[in-house]
Amino acid sequence: MAEQPKPRDEESEVLSPWLKRWNSKKIGFHKTGVNEFLLKYGHLIIPNFSQNEKDELCSSTETVTACNTNAENNIRIFVPLCGKSVDMAFLAKEEYVDRVIGIEGIRNAILEFIQEQPDLNIKEQHQSSDSSISSQLFETFVGNKITLLKGDFFDVLQTTDISVDVIWDRASMVAIIPSLREQYVKLLKHIIKPGGTILLCALDKRTGTKEGIQSGPPFSLTEKDIRHYFNDKDWIESITILEEIDDFATRDNGGKEKFLKAGVTSMYEMIYEIKTKVNN
């Protein structure tokens with residue numbers, strides 16, 4: 001009899017580096033506030049987005065569809081390599097979001113999120129009669145409009161029961177080694193519905209030494225890279241750069257010094273809107 005699939009061990013080659021980071025609290029990638037790009041561009045993915053600027057946004061033709069008050073509350077959002085991102089709690093509380101699905105390889109990250117977000121009432125779901133591949137590959141935690149999956153991100157490719165309207169990639173593609181980017185994009189295609197939207201944050205290490213630019217995580221992800229991985233795909237409708245900001249101008253001195261010592265002399269944070277075709 002074939003061995004039943006099971007969640008990836010945190011001591012595996014894939015997950016052990018992240019386990020060490022969480023155990024030693026070296027999680028500089030974690031932000032205590034909601035991502036500024038999400039606050040600014042959330043109206044592109046969520047109907048009746050709740051920010052103060054909503055009224056102004058809804059007056060523009062660009063956002064008429066997203067601001068439609070008759071829209072159904074059925075938006076499902078996937079957050080890859082989610083850690084304990086407060087973005088998930090923020091999104092789960094949006095009226096027109098049906099469910100946020102986060103995936104994380106390290107159990108402690110999920111447990112810290114549960115502790116820090118008690119109002120979401122997240123509980124671990126123990127396997128019973130559920131024989132789906134997802135239940136076997138991932139430990140599952142379910143709360144108010146949120147599901148957290150603990151396991152190897154790439155094991156999602158083996159599932160058939162994850163389908164979402166939106167993917168919010170705050171710092172996921174930049175976290176994986178570049179050799180896995182093709183597989184990463186394949187996974188995004190696997191779970192996103194036709195007509196869906198990917199909001200993707202990237203770090204472009206624009207100048208510096210070769211070693212500094214190639215080091216990571218986070219790994220440099222340029223516009224050329226994005227277009228290489230997403231352009232000319234039969235399921236992609238469009239790729240739009242929404243904004244770029246000088247990362248060094250906004251980063252604290254400690255964070256900036258880390259990259260300067262590594263050989264990076266300029267770095268820009270980019271936000272892309274990648275839309276999928278309605279029929280693909």
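Reply: A salt bridge here is a side-chain nitrogen of Lys or Arg within 4 Å of a carboxyl oxygen of Asp or Glu. By that criterion Lys84, Glu112 and Glu116 form a network of salt bridges. The structure, a predicted model, holds 14 salt bridges in total.

Glu116, at 40%, counts as partly exposed.

Leu81 has a positive phi, near 45 degrees, without being a glycine. Most residues other than glycine have a negative phi. Leu81 is partly exposed, with a relative accessible area of 32%.

Arg107 lies in helix H5 and Glu124 in strand S3, so the pair connects parts separated by 17 residues in sequence. Arg107 is partly exposed at 28% relative accessible area, and Glu124 is partly exposed at 27%.

Between H5 (107-116) and S3 (123-125) runs a loop that includes Asn121. Asn121 is not a glycine, yet its phi is positive, about 55 degrees. Its relative accessibility of 41% makes Asn121 partly exposed. Asp119 is in the loop between H5 and S3 too, and its side chain meets that of Lys93 in a salt bridge of 2.8 Å, N to O. Lys93 lies in the loop between H4 and S2, so this pair ties together parts 26 residues apart in sequence. Asp119 is partly exposed, with a relative accessible area of 44%.

The strands named so far belong to a sheet. It is an open sheet of 9 strands with mixed pairing, in the order S3-S4-S5-S2-S1-S6-S7-S9-S8. S3 and S8 are the edge strands, each pairing on one side only. From one strand to the next the twist averages 20 degrees. Within the sheet, S4 (residues 139-143) and S5 (residues 146-150) run antiparallel and are joined by 5 bridges. Thr140 has Leu149 in S5 as its bridge partner. H5 packs on this sheet, touching strand S2 (97-104), S3, S4 and S5, and its direction makes about 155 degrees with that of S5.

Another helix, H9, packs on the sheet where S7, S8 and S9 are touched, its direction making about 165 degrees with that of S8. Ile226, Tyr229 and Phe230 are buried in H9. Seen down the axis of H9, the buried residues fall within an arc of 85 degrees, so they line one face of the helix. These buried residues pack against helix H7 (181-191) as well as strands S7 (192-208), S8 (236-246) and S9 (264-276). The face turned away from the buried side of H9 carries the exposed residues Lys224 and His228.

Notes. Residues are numbered from 1 along each chain as its sequence is written. This is a predicted model: local features need pLDDT of at least 70, side-chain atom pairs count only at pLDDT 80 or more; totals for chains, interfaces and linings use all residues. Side-chain values use heavy atoms; hydrogens and water are left out. Buried means under 20% relative accessible area, exposed over 50%, partly exposed in between (1.4 Å probe, protein chains only). Helices (H or I, at least four residues) and strands (E, at least two) are DSSP runs, numbered from the N terminus. The arc is that of the directions from the helix axis to the C-beta atoms. Contact means heavy atoms within 4.5 Å. Two strands pair if DSSP finds at least two bridges between them. Axes are lines fitted to C-alpha atoms, for helices over the stretch in contact, and angles run from 0 to 180 degrees between N-to-C directions.
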